[in-house]
Amino acid sequence: MSFLNLGSIRKNLALLVILTVLPAIAILFYSGMEQRRNTIEYTKQDVLLIAHAMAQVQKDLALSARQILSTLALLPEVQALDFQASRDIFKNLLKKNPNYKNITLVDLSGNVLVSGIPSKGVNLADRKHLRDALKTKDFAPGEYIVARVGDASPAFPFAYPVLDATGTPKAVLTAAIDLTVLSELYHHARLPENSYVGVTDHQGVRLLYYPAKATTNPIGTSIKTSNWNVASQKQEPGIMTASGSDGTNRILAFNQVRLNANADPYMYVWAGVPEAYILAPANRILKRNLLLMLLAAIGTLFVSWSLGRKTLIAPINQLMDLTNELAKGNLEKRIVQTDRIDEFGKLTGSFHEMAEALSIGQEKLQNSEDRFKKLSGVTFEGIAIHKEGIVIDGNDSLMRLFGYTREEIIGSNAIVVLFPSESHPILSENVSKHIATPYEVMARKKDGTLFPVEIESRNITEGEDHFRVTAVRDITERKQAEANLLKANEIINRSPAVAIQWKNEVDWPVEFVSANIEKLLGYTAQEFLDGKVSYTESIHKDDIERVRHEVSSNSEKQGQTEFTHAPYRLETKDGRVIWVEDSTYIRRDSKGKVIHYEGIVYDITKRKKAEQDRLELEAQLRQKYKMDSVGVMAGGMAHNFNNNLSIILGNIELSKMKMPPDKQVGDYLNNAKIAVLRSRDLIQQIMAYSRQGLQEKAPMQLPLAVDETLLLLRSTIPTTIDVHKSISSDSRNRTVNVDISQVQECLVNLCNNAVHAMKEEGTLRISLETLELTQQDIPPQYESQPGLYAKLSVQDDGSGMPAETLDKIFDLFYTTKPVDEGTGVGLSTVQGIVKQHGGLIKVNSTLGEGSCFELYFPVTEQTQTTETASVNDDQPEGTERILFIDDDEMLANLGKEILTDKGYQVTSMTESTEALKLFSANPDSFKLVITDQTMPALCGKELIQKMLKIRPDMPTIICTGYSSKINEVEARQLGAGAFLMKPLDLPELLQTVRRVLDEKKAS
């Protein structure tokens, strides 16, 4: 109960009196507050009754308007829409009912047909009451309006429909009440000061505020938003305490006005009484009672103060004077004992006995003091001898530590003089309990400087006297060092690097580790320090031997103080594997023996992952470049292969020409020719797929692409996979504008992926159909337009894909295959090709059930432009002179022999530059030039260009086994008469030669 002690008897007596009076004051205050609460509750009910009564008045006003309008609606004049008769009736009603501003008859478009007061060209179609009456075919209240007929004054309208015999509205009656009528209803009401009654429409627009005040919102404006929000959200009458627009705090009651129980409110009635007015009587009573109680408390306090001073304070002051004299050394001082209070008499006797004991022991204390000075003078700590905190003596270090003189310290209360008030409780407690354990508190020098000290005390006994020796140490530097160490630890723990120190013993027991080790490995620093886990246990089992070897080998090097480990792996508490870099410092004793190690460990997992990703990306790029190189190499091989096929085919043709008729041998040669032509077609398909040929988009039928691709894939798809092809009938007559080689590339990629997913066993389904896509069918990432599409589907029953894989399959270089089996560019290439063709891709896949890729290509109205040369077995002849050029001597000789056999005069050349010289010498001597494209020095394209400069009208034919530099279109643009692909079919060659020569003659 120390909080009740105010430090003096006088103050404590006053506190006791106050504590005695406080319950009575509390009771008075509570009863006053209860009276206030009851007053407010009674008032709320009264205000709510007022609002309810006002609401009934407003409802009666609406019922009166309904009765008048419904009666008018039944009158024959109104039913007949007799304007003049209706106008007379309206005028008479307005004279008898001055509360109504006007009565009108309105047509279904809102135009005023009849008005009780003159009007012209007025339309009320936008009025709520008119719209509601037509909608419900019943009486309808409106909202705050400004009248459009007569003077533009505020009003509140009602409407009632005029119905024909079938119940269909044919017009609407309206009546508007002047808002000044509402205030007359409450003109004789006696309201308390600053009280009011108000009316708002269904939107919170003020219709009435009585009595009117300049500080409130005028009629036609919205009431305070916070008050309206409360009322509009409730379906029943309510009460609240809130300030109005004039700032006065009131008890407000509001009541909704409805035509019937289930209808929405069309009007709200408000009543408000100032809270201050209601509480004024209760406040006066409470103030009066509190004032009387305060006067009684002051009187009681005065009487208690006077009695206490005479019976308690005076004897205590005498004892204090005696104590001060004894403290100054006047041990002979005595006071006359008082017999007024027995306790003070006993206490005075005890003080006299204490003085006698002090006088006897003074000489012994002097002897002890001399010995103390000799011992304490050699220490840097401040040492004080005291008894219950009163200093008896102290050494010079104590005086220097606190800045006091010996005279200022001796005899003083050390707790009060040498320490700030916040340290007093712990000092007093430790002194009273004779605590010997060192503890820390704040001390205060004479100049007011505060500094931290460590205190350690011991009890001593000399004769019958008991004293306490206390040593005081200034620990400012130690505290600063601890603070600096704490900051250093905070810096380390905020950094990504972990600091760790371990002994050079088995399993490397940890001596120190920064707290951020928990972020790295999940183990707390204390778990390492307690030996629950060792650092070696965290090192990955595949790396531990290497790390140990690096530590031992570097430790054996004399003079070696630090080294860096090659990156190694650690296993975290939750089982994850991370990569770290480790810089280790070796600590040795004076003899060079390693005693412990210090390491800075840094998490490089992200960097290792980035390096791994980079290596995988490089491998994928190398694989892509390798595939590109294979494509280039395939072009060269195609050229050589076609040349060889040309030699075979030419010799077959010559053999057929030279040999006597023999059906069996002829069949053998025909079979060989067919095999050569099939090989030629296969090479063309391979080159088209590898996109080495210059392809362009052209209208074509997709079934042709499907058939050619399956023919190409037939030799690569394992026989364990069952291939099903399904092409709908409507798809065979549809064309799409595509690059055939790119479509084939998409199909090959998807089929290869399907084979891989099925692990070379299952069913591969390829289907083609035509369907209509709407805008809802097109995913948002595609810019395709709605319309007719050809859907090419590739479906497998393989392993399928999870959702997380489906989200990434079209990412460039993303693959689930090993590096040596996939590059991660196949599906991204497919997506790019489909987008380039204005199409889209949909993928359906279920883990364990297979995948289906759907490619959609827009259908075009164009017809297929692929032209098929009409070649028959005719072998026309001629006599013209022809220059035949091919760098392959066998082909050159073969061409010469074939053409010569058909009557032509042929000069064959194997070097393009020599052929150019021969032609330049006599350009008019040749009627036709046939040249290969791929040749050393001058290629066929360059040779023809140079010949045409010499003789622009020279007919030429260019042949090639393969070339990425020219195609049929470019050959014709160059001026060549024809473009032939090797191997050359004999009828095709002879017919082309004849055609080019004849076209020249015709021109």
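**Note on the predicted model**

1. Strand β23 (residues 698-700) and strand β25 (residues 735-738) run antiparallel and are joined by three bridges. Within this pair, Ala 698 lies opposite Val 738 of β25. The model is a predicted one, and the points below should be read with that in mind.

2. Strand β25 has a further partner in strand β29 (residues 850-860): two bridges link them, again in the antiparallel sense. Here Val 736 faces Val 859 of β29.

3. On confidence, the mean pLDDT of the protein is 80, and 80% of the residues score at least 70. Residues 691-695 have a pLDDT below 50, yet this stretch has 15 contacts in the model beyond near neighbours in sequence. Residues 866-871 also stay under 50 in pLDDT, and for them the model has four contacts beyond four places in sequence. Where pLDDT is low, predicted coordinates should not be read in detail.

4. An open sheet is made of five strands with parallel pairing, in the order β31-β30-β32-β33-β34. Its edges are β31 (905-909) and β34 (978-981), each of which pairs on one side only. From one strand to the next, the twist averages 20 degrees.

5. Within that sheet, β33 (residues 956-960) pairs with β34 in the parallel sense through four bridges. Ile 958 has Phe 979 of β34 as its bridge partner. Helix α28 (residues 986-1002) packs on the sheet and touches β30, β32, β33 and β34. The direction of α28 makes about 170 degrees with that of β34.

6. Helix α26 (residues 940-950) also belongs in a description of this sheet. The helix lies across β30 (881-885), β32 (928-932) and β33.

7. Strand β21 (residues 577-588) has several antiparallel partners to check. Three bridges pair β21 with strand β19 (residues 562-564) in the antiparallel sense, and Glu 562 has Tyr 585 of β21 as its bridge partner. Strand β20 (residues 568-571) pairs with β21 over four bridges, also antiparallel; the partner of Tyr 568 in β21 is Val 580.

8. Strand β22 (residues 594-603) runs antiparallel to β21, and nine bridges join the two. In this pairing Val 580 stands opposite Asp 603 of β22.

9. The hairpins on either end of β21 can be inspected at their glycines. The hairpin of β20 and β21 has five residues between the strands, and in it Gly 575 takes a positive phi near 90 degrees. The hairpin of β21 and β22 likewise has five residues between the strands, with Gly 592 at a positive phi near 90 degrees.

10. Asn 102 is placed in strand β1 (residues 100-106). With a relative accessible area of 6%, Asn 102 falls under the 20% cut-off and so counts as buried. The side chain of Asn 102 makes a polar contact with the side chain of Ser 115, at 3.0 Å. Leaving aside residues up to four places away in sequence, Asn 102 touches Leu 94, Ser 115, Gly 116, Ile 117, Val 149, Thr 174, Ala 175 and Ala 176.

Key. Residues numbered from 1 in each chain as written. Heavy atoms only, no water. Pairing = 2+ DSSP bridges. Axes fitted to C-alpha atoms, helices over the stretch in contact; angles between N-to-C directions. Contact = heavy atoms within 4.5 Å. Buried < 20%, exposed > 50% of the residue type's maximum accessible area, 1.4 Å probe, protein only. Polar contact = N/O pair within 3.5 Å; in protein donor to acceptor, adjacent residues only side chain to side chain. pLDDT = per-residue confidence, 0-100.
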